[in-house]
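Here are my notes on this structure, point by point. Please keep the 3D view open as you read.

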Amino acid sequence: MLHIERARLREVGCFRDVQLEFDPRWNVVLGDNASGKSSLLRILTVAAHGQFPSTIMGPDLIRFGANEAESDIAFRGDRDDVGGLGEGTGTAVFTCSDHA
């Protein structure tokens with residue numbers, strides 16, 4: 001099973017720079033409309049699967065006014081459970097840019 005331990009999002013969605021810590025058992029993400037819930041879930045999907053499908057990591061994830069976005073996700077466990085890269089502990093760093 002994959003456990004996301006923490007996530008740092010920089011210039012992602014509505015987040016300028018935020019660090020999130022996750023409980024290993026259960027987490028609930030609540031917020032108003034346009035508060036970043038979907039952006040967070042999209043980034044966590046990329047970390048879990050270890051790939052960059054354009055429908056998930058695209059320029060629309062970049063915060064308005066920024067040129068690029070970056071996420072740093074710390075995880076442990078087995079990403080094979082979700083079609084990913086195997087077991088271990090590590091950090092997945094993803095950057096997307098509005099440059100062609």
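Predicted model: local features only at pLDDT ≥ 70, side-chain atom pairs only at ≥ 80, totals over all residues.

1. Start with arginine 8. Arginine 8 is partly exposed, at a relative accessible area of 30%. Its side chain meets that of aspartate 17 in a salt bridge, 2.6 Å from N to O. Aspartate 17 is also partly exposed, at 43%.

2. Next, look at arginine 10. Its salt-bridge partner is glutamate 70, and the closest N and O atoms are 2.3 Å apart. Glutamate 70 lies in strand E3 and arginine 10 in strand E1, so the pair ties together parts that are 60 residues apart in sequence. Is arginine 10 buried or exposed? Arginine 10 is buried, with a relative accessible area of 19%, because buried means under 20%. Glutamate 70 is partly exposed, at 26%.

3. Another salt bridge joins the side chains of arginine 25 and aspartate 23, at 3.3 Å from N to O. Arginine 25 counts as exposed, at 71% relative accessibility, whereas aspartate 23 is partly exposed, at 30%. A search of the whole structure finds four salt bridges.

4. The protein chain has one helix and four strands. Along the sequence they follow the pattern β-β-α-β-β. The mean pLDDT of the protein chain is 76, and 66% of its residues reach 70 or more. Where is confidence lowest, and where is it highest? Strand E4 (residues 87-97) has the lowest, at a mean of 56, and E2 has the highest, at 94. Please keep E4 in mind when reading the model.

5. On to the inside. Of the 100 residues in the protein chain, 40% are buried. The largest nonpolar core holds 18 residues, and Ile4, Leu9, Val12, Phe22, Ile43, Leu44 and Ile73 touch the most other members. E1, E2, helix H1 (37-49) and strand E3 (68-78) each supply at least two residues of this core. E1 gives the largest share, five residues. Leucine 44 touches Ile4, Ala7, Phe22 and Ile73, leaving aside residues up to four places away in sequence.

6. Glycine 13 deserves a look. It sits in the loop between strand E1 (2-12) and strand E2 (15-21). Glycine 13 is buried, at 18% relative accessible area. Beyond residues up to four places away in sequence, glycine 13 touches Ser39, Leu61, Ile62, Arg63 and Phe64. For the chain as a whole, take contacts between residues at least 6 apart in sequence: 56% of them join residues at least 24 apart.

7. Check two backbone angles. Most residues other than glycine have a negative phi. Glutamate 11, in strand E1, has a positive phi near 60°. Alanine 34 also has a positive phi, about 60°. Alanine 34 is in the loop between E2 and H1 and counts as exposed, at 77% relative accessibility.

8. Finish at the surface. Which residues form a nonpolar patch there? They are Trp26, Val28 and Leu30, with about 440 Å² of accessible area together. Valine 28 is in the loop between E2 and H1. Valine 28 counts as exposed, at 56% relative accessibility. The protein chain exposes about 6,200 Å², and carbon and sulfur atoms supply 51% of it.

Key
Residues numbered from 1 in each chain as written. Heavy atoms only, no water. Buried < 20%, exposed > 50% of the residue type's maximum accessible area, 1.4 Å probe, protein only. Contact = heavy atoms within 4.5 Å. Core = buried A, V, L, I, M, F, W, Y, C linked by side-chain atoms within 4.5 Å. Patch = residues over 30% accessible without salt bridge, like charges linked within 9 Å, V, L, I, M, F, W, Y side chains within 5 Å. Areas by Shrake-Rupley, 256 points an atom, 1.4 Å probe, with all protein chains shown as cover. pLDDT = per-residue confidence, 0-100.
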